[in-house]
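I opened this notebook to keep track of what I looked up, moving from the whole chain down to single residues.

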Amino acid sequence: MSLKTKTQSRSLLREFFFAEEVPFGLALTRIAVPLAVSIPMWYRLPRVRQLFTSDGAPTQLSELFGNGPTLPVLSPGIAIPLYGVMLLCLMLASVGFRTRLSLCIATPLYLYFNPLDAVGTMTKYSVIGAHMLLLLAVSRCGAVWSVDAFLKQRNSTLPSVIPPRVPVWPVRLIQLLFCFVYFGAALTKIQTEAFFSGEQMRYWMLSNWNYENPVGELMAMWSPLLPISAYVAVIWEILFGFLVFQRRSRIWMLGMGIAFHVMTWLTLGLFVFPAICLSGYLAFVTQDDVLWWRRRIRRRRVAALFSWPARSVSGLMTRIPAFVPAGVAWTCMIAAAAIAATELDLQLDLYARNRPEGFLELSPLDADVARTMIRDKQPLREQDKFFSFDLGTVSIGNQLANRRSEFTYGQTMIAQCNLNPPHEDLWVECLLQDSEQRTVEQFGQFVTRDMLRANFIYHIGNKLLPGEYSMLLKSANQEIYRRPFRLTGTPPQQTLDAGLLTN
């Protein structure tokens, strides 16, 4: 590589990380991310004593890996006020009041409370949210669109209408965070066969592990859509980091990302994860984007409609007396949050400490129930090993693409059964029966423990007469599913003339 090429590369890299612009995207990220990461923490506010204190049963992340507890478990008198302070600091960071100080307090507390409850609170979105909070804490995200910016403008002797310009490296690190997250997710999915076949997505869509997802339950029945969506998602995740910084493909990559996360909400029941990721997408908003939209709004003559929030906030801020120190107000709010969290815990009285009868007592478990839970192993029913059994003629990605109950001569029928993992090695049979339940054909195959589906192929010839039939799925000599179907049309005349029977 020549010296000139090296110099150009260094110049491009320096421009990429240290170019200065008005931090509109960073300000939008600051507004949205603290609100998004605080959603699950608000839900757990009534259960702080149970989940995060020495009075409860916290399960630390390190314990799940067999390393024992690594974080100190605080008493309720300390942990509960700190939890209230964390929630308030996230809100103050969102409005931009003492932005950096609020983030420097909220981020360590967020990093402390999440791993304390690895069973329910610590998730993938906790990691993404913690990284973004940390990057916001070391940036100048409160330089615009914040209470700090307004106070600085009000107290300045020489007010300026020109917004400040800052280096873009915090924004770039947030953007690269998403690039690496998507690329790592794609590498993981590539090694998972069940993802590309659609089984994983279908089981997730049909479950309510997160929240209700009626759209997912409907889409789970469109079998061809699942493998197609899987390939599109992996290709997009791999290409995201390479194309999102290109001007022509940037909008397409971000648009697909928004659609991807919205669909995870509609089809998988996820709520917090897409909220945090879409909040981080605001870091991709550039100074030119904001100026472009501002010009379009002015041309449409609807600027007054979009400016009323700024006027309302400005009017509210001007009513605050100038002699009230912002630091004192911030400190009083922090103290009030700690007191409010403590009072809320006392009012909820999770363990009934304030009852006249005293603490709640554990009632002894019935001995027979305890022995049943420890010793008795309930056998799995044979039908519970199977997920579905359907008939069709077309297979896409080894998934039955069409479900039908009427066939004609010359078609190839595919009888596909899907199994629930885990299961042992099975011998599965498929019986073709007529309307009087007489067996016309019988065929079977081994389904090993690593298989999630089995296909039975039947070529419809003149061996069958038009009428009503059914395919019967059996395992361990037990009937699992029965799928009726109708055979229409006329048998092939050539084989009948030759006296041949075909199936």
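Entry one, the whole chain. I noted at the start that this is a predicted model. I counted 20 helices and twelve strands in the protein chain. I then looked up its extent, and the C-alpha trace spans about 105 × 75 × 50 Å along its principal axes. The radius of gyration is 31 Å, whereas a compact globule of 503 residues would have one near 23 Å. Of the 503 residues, 40% count as buried, and among contacts between residues at least 6 apart in sequence, 70% join residues at least 24 apart.

I found three cavities of 30 Å³ or more in the structure, and the largest cavity holds about 60 Å³ of space. Its lining includes Glu-21, Phe-24, Val-166 and Val-285, and I sorted the lining residues into nine nonpolar, one polar and one charged. Helix H2 (24-43) and strand S2 (166-167) each supply at least two residues of this lining, with H2 giving the largest share, three residues.

I located Glu-441 in strand S9, which covers residues 439-447. Is this residue, Glu-441, buried or exposed? I recorded Glu-441 as buried because its relative accessible area is 14%, and the cut-off for buried is under 20%. I also looked for a partner of its side chain, and a polar contact of 2.5 Å joins the side chains of Glu-441 and Lys-463.

Notes. Residues numbered from 1 in each chain as written. Predicted model: local features only at pLDDT ≥ 70, side-chain atom pairs only at ≥ 80, totals over all residues. Heavy atoms only, no water. Helix = DSSP H or I, 4+ residues; strand = E, 2+ residues; numbered from the N terminus. Buried < 20%, exposed > 50% of the residue type's maximum accessible area, 1.4 Å probe, protein only. Polar contact = N/O pair within 3.5 Å; in protein donor to acceptor, adjacent residues only side chain to side chain. 1 Å grid on protein atoms, 1.4 Å probe; cavity = no way out; pocket = protein on both sides within 12 Å on 5 of 7 lines; lining within 4 Å. Points joined across faces, edges and corners; volume = space filled by probe spheres on them. Nonpolar A, V, L, I, M, F, W, Y, C, P; charged D, E, K, R; others polar. Rg over C-alpha atoms; globule rule 2.2 N^0.38 Å. Contact = heavy atoms within 4.5 Å.
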